[in-house]
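Dear colleague,

Please find below the structure I promised to pass on to you. My notes on it follow directly after it.

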Amino acid sequence: MAEPHGPPTPDRDEVHLHKKPRLQDDIKTAASVAGPSDVPMDEPIVDENIAESSSTPQQSNGKGPKPRGKNKRRKKDKVPAIEPYSTEDVILHDVQALLGEDVVLKAQEAGEDLKAPFEKQQVVELVVSALSSNGESLSIAPAPHPPWVILTPFALPGEKIRVKIYRNARLWSYADLVEVVEPNKELRDMDRVQCKYFGKCAGCQFQMLSYDAQLDLKRTVVVKAYQNFSGLPESTVPSIQPTIGSPLQYGYRTKITPHFDSPLRDLKKHGRPEDGSKPDWFKIGFNVIGTRHTMDIEECPIATPTLNKALGPIREGIVNKMDTYKKGVSLLLRESLEIPADGSPNPLPPPADTSVDSLTSDVEKKLCVTDHRGTIRERVGDKLFEYTAGSFFQNNNSVLVPLTSYVRDCIFPTTPSSSSSTSLPRPTHLVDAYCGSGLFAITLSPHFERVTGIELSVDSIKSANISAQLNALSPDRHTFMSGDASDIFATVTSFPRLETAVIIDPPRKGSDEKFIDQLIEFGAGVMVYVSCNVHTQARDIGMILRKSKAKRESGGGKEYVLESVRGFDLFPQTAHVESVAVLRLVDVDA
Ligand SMILES: C[S@@+](CC[C@H](N)C(=O)[O-])C[C@H]1O[C@@H](n2cnc3c(N)ncnc32)[C@H](O)[C@@H]1O
């Protein structure tokens, strides 16, 4: 989610951060009176894979300005170099689209890109031009300022806003939203906001938008990612399909990780209220947007009802023994099915009801696990998964049947597209690279003769094997191994290549050249690349297509084409988008 978090701002003004109701009231405008009282967000979006920084040491394939080389000014000015494919690189491309490539290049050449026209704490009135791919609004500094862009969360295109600058970067500044002076009445409706911490918590930026508008925005993010980061000619990228929504748009998150700092110092200074209640200074929750400061969170409307029900007593337990925490703590709350005492598979609930009500109601008994080493059991369609609470598993259960079914349908299209209509045989073998606890391998296993998965985490591989047993999948036909994804190709030499489907679902930093070289060499009939970072996905897809073309040109044979790309909304109310790209091997000369 994006990360839907703003950039860390170590030098930001404390007073300002803890100022009383900041946006909640401020965001209320004549036309857009806010929803519930005050507002949260978080890092609920942040999980180990989504949060990981994008630091692949490759050069951007995009057309944008190249990240700069060593520059003596940099250290002095404390403006870090831009990592290719990082959040900042994505912003740079957005800034360039707004100001114009020439203007940006000229400013960079003249060294003007570090000369921010604003002081920290300066209040400025702006008109929002667009939204960045990370979800913040982008406004051009008004004349007579030089070309410069201001990023502000929670504002929408067309809105007139008052903002306070808190950090300057290269060609852009970060600001807090002070007030929406003139709202965009077509897009903004504060009655949609369901969270009392909205506008302050770093988790959800989009609650004031209709769900359709959120899905449209996410499609635009995918479009821009392929334009800016794939390095592919427009003619080779199919029209990006509409984003598929999540069945649940609130109450979907099955994992949250609130945190708190050690209270000992403040406890010494202020003492405890006599009635044993939680002192106001003790915050257990998520980060204030754009900062590393914790805000107190009593409930999180995007988390499941089970987690919200557990949060109150967990907070109370922490307050009761607050004098024992010498260090800060990151809590884990993860939803699980209740596991039968004998460990047997949970019986399938009554006939599949696909209504949203059935997703929110307790058709099966759920509980909240807080021990990182605890066991989680989760149902996806008719399959059960068991994994360790602290390890990776997708965090929105409601969307997993649509997502895995979509991947299945891409592998076995019922209506052939122009590329799938070529004479490829029906896939019989599946390779699940970066398989985690086997989500795709296990849900899609009924459709294949042989399934194999690879994953770096030994724990997740153990879970994949346990889950295979839980679903009575034969070990002769299903194998999971721990190792680097590229190691898989040495183990599947007996797989019929054209009849093999490969699913690639790497972490946020994407795949790597070692894996991609072997992937091309292997030559599976179809590949589905699922990604929580569409920018590194676009980079990797570009590399796959170029290498595949070069291989065909040097030795003949088939070549991969990008058949489809579409976003999936795993994190409603946030700017994050998952992206699914399908590549098929075709005879381009036919
Ligand atoms: C986004 S998760 C996807 C997991 C799984 N496909 C799912 O949907 O639950 C990415 C997984 O890649 C694993 N991973 C990271 N680097 C890897 C590598 N070099 N080789 C294999 N797996 C890796 C991580 O441990 C993580 O489980």
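Leaving aside neighbours within four places in sequence, Glu455 is in contact with Tyr434, Cys435, Gly436, Ser460, Ile461 and Ser482, where contact means that the C-beta atoms, placed from the backbone, lie within 7 Å. Please note that this is a predicted model, in which local features need pLDDT of at least 70, side-chain atom pairs count only at pLDDT 80 or more, and totals for chains, interfaces and linings use all residues. Residues are numbered from 1 along each chain as its sequence is written.

Glu455 belongs to strand 17; helices (H or I, at least four residues) and strands (E, at least two) are DSSP runs, numbered from the N terminus. Glu455 counts as buried because 27 C-beta neighbours lie inside 10 Å. The cut-offs are 20 or more other C-beta atoms within 10 Å for buried, 12 or fewer for exposed, and partly exposed in between, with C-beta atoms placed from the backbone.

The UniProt record, an unreviewed entry, places the feature "binding site" at Gln394, Tyr434, Glu455 and Asp505; positions are given in the numbering used here, feature names are shortened, and annotations may be inferred rather than shown by experiment. Asp505 sits in the loop between strand 19 (500–504) and helix 15 (513–522) and is buried, with 24 C-beta neighbours inside 10 Å. Apart from neighbours within four places in sequence, Asp505 contacts Tyr434, Phe440 and Val530.

Tyr434 lies in the loop between strand 16 (429–433) and helix 12. Although not a glycine, Tyr434 has a positive phi of about 60°, and this residue is buried, with 25 other C-beta atoms within 10 Å. Most residues other than glycine have a negative phi, and most peptide bonds are trans.

Of the 21 residues around the ligand, Tyr434, Gly436, Leu456, Ala485 and Asp505 come nearest; a residue is counted here if its C-beta atom, placed from the backbone, lies within 6 Å. Helix 12 (439–443) and strand 17 (450–455) are the elements that give two or more residues to this shell.

Gln121, in the loop between helix 6 (101–109) and strand 1 (123–131), has a positive phi of about 80° without being a glycine; Gln121 is exposed, with 12 other C-beta atoms within 10 Å. A cis peptide bond, with omega about 10°, joins Ala143 and Pro144, and Pro144 is placed in the loop between strand 2 (137–140) and strand 3 (149–152).

With kind regards

Terms used:
Two residues are in contact if their C-beta atoms, placed from the backbone, lie within 7 Å.
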